[in-house]
Structure formats: C-alpha cells, structure tokens
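Subject: Structure handover and findings

Dear colleague,

I am handing over the structure that we spoke about, and below it you will find what came out of going through it.

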Amino acid sequence: MARAKPIYAAQLAVYQAYMEGTVPGIASNPALFTAINKDSEEIWFELVPFDGGLAQRMSDRAVRVITATEAGELLPRHATTPTHFECKSCPWQDRCWRPA
Ligand code: SF4
C-alpha cells in the first residue's frame with residue numbers, strides 16, 4: 001500500500017496518530033487496509049503498523065501548508081498542468097490554476 005498509494009499510507013498514519021483519544025489502541029495495533037482490484041475483483045488485505053515518523057512528517061507538512069496559506073504565500077503545485085489526473089478531480093482546481 002505504501003508503495004502503490006503513498007497518499008493512503010500518509011492518511012492512515014495521521015489517523016492512527018490523532019485518533020488514539022477516540023479509538024484507544026489505534027496506534028499500537030496495525031490497521032487493516034483493504035483494496036479491490038477493479039480489473040480482477042481480487043481483494044487485497046494488508047496489516048499496516050503505525051508509522052510515527054510518517055505521521056509526524058505529514059503533520060509538519062500540513063502545518064507548513066496552513067502557515068503559508070495564512071501568510072498569503074503560494075506554495076508550488078505538485079503538478080505542472082491543470083490536466084494532471086489528480087488536478088482534474090480536485091475541488092480546488094479553479095482556484096489553484098486561476099491566473100494571478
Ligand atoms: S488543482 Fe488541486 S491537486 Fe492540482 S495542484 Fe492544485 S491543489 Fe493540487
């Protein structure tokens with residue numbers, strides 16, 4: 001999962017890091033990640049141990065984004081064109097690619 005979809009790994013680590021208060025043991029036990037192969041309908045199950053370092057890096061990144069946004073700073077986009085597959089379905093596309 002971390003290799004194929006690092007964004008899911010980041011999301012999972014952040015959940016495990018910050019939901020311990022409402023879900024006791026969430027960080028001390030592996031998460032069960034499941035996915036379906038849309039071509040073959042195979043189901044993938046993977047136990048994912050908590051990655052505290054990844055959770056901290058993602059948390060730090062979020063703070064950087066929020067701090068920059070509050071300061072009116074434009075951070076670089078991860079894509080070079082609005083037709084990038086992730087930008088096409090992004091709810092912020094109009095704002096993100098609007099001429100300054
Ligand atoms: S449109 Fe969305 S996904 Fe694309 S660079 Fe902007 S914020 Fe990121």
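Val-48 is found in strand β2, where strands (E, at least two residues) and helices (H or I, at least four residues) are DSSP runs numbered from the N terminus. This is a predicted model, in which local features need pLDDT of at least 70 and side-chain atom pairs count only at pLDDT 80 or more, while totals for chains, interfaces and linings use all residues. Residues are numbered from 1 along each chain as its sequence is written, and side-chain values use heavy atoms, with hydrogens and water left out.

Val-48 counts as buried because its relative accessibility is 14%, given that buried means under 20% relative accessible area, exposed over 50% and partly exposed in between, with a 1.4 Å probe and protein chains only. From C-alpha to C-alpha, Val-48 and Thr-22 are 19 Å apart in space, with a separation of 26 residues in sequence.

Asp-51 has its place in the loop between β2 (43–48) and α2, and it is partly exposed, since its relative accessibility is 37%. Asp-51 and Pro-82 are 31 residues apart in sequence, and their C-alpha atoms are 32 Å apart in space. Gly-52 belongs to helix α2 and is likewise counted as partly exposed, at 33% relative accessibility; its C-alpha is 20 Å from that of Val-65, 13 residues apart in sequence.

Glu-41, in the loop between β1 (31–36) and β2, has a phi near 65°, which is a positive value in a residue other than glycine. Most residues other than glycine have a negative phi. Glu-41 is exposed, with a relative accessible area of 64%.

Of its 36 lining residues, Val-65, Pro-76, Arg-77, His-78 and Cys-96 are the closest to its centre, and the elements that give two or more residues to the lining are α1 (6–18), α2 (52–70), α3 (85–88) and α4 (93–97). A pocket here is an open set of points on a 1 Å grid over the protein atoms alone, where a 1.4 Å probe fits, with protein on both sides within 12 Å along at least five of seven lines, and lining residues have an atom within 4 Å of a point.

The most comes from α1, with seven residues of the lining. By class, the lining of the largest pocket has 23 nonpolar, six polar and seven charged residues, where Ala, Val, Leu, Ile, Met, Phe, Trp, Tyr, Cys and Pro count as nonpolar, Asp, Glu, Lys and Arg as charged, and the others, Gly among them, as polar.

The ligand takes up the space of the largest pocket, in the sense that more than half of its atoms lie within 2 Å of the grid points. Around the ligand are Arg-77, His-78, Cys-87, Cys-90, Gln-93, Cys-96 and Trp-97, each with a heavy atom within 4 Å of it. Of this shell, α4 gives the largest share, three residues, and Cys-87 is buried at 7% relative accessible area, whereas Cys-96 is partly exposed at 36%.

With kind regards
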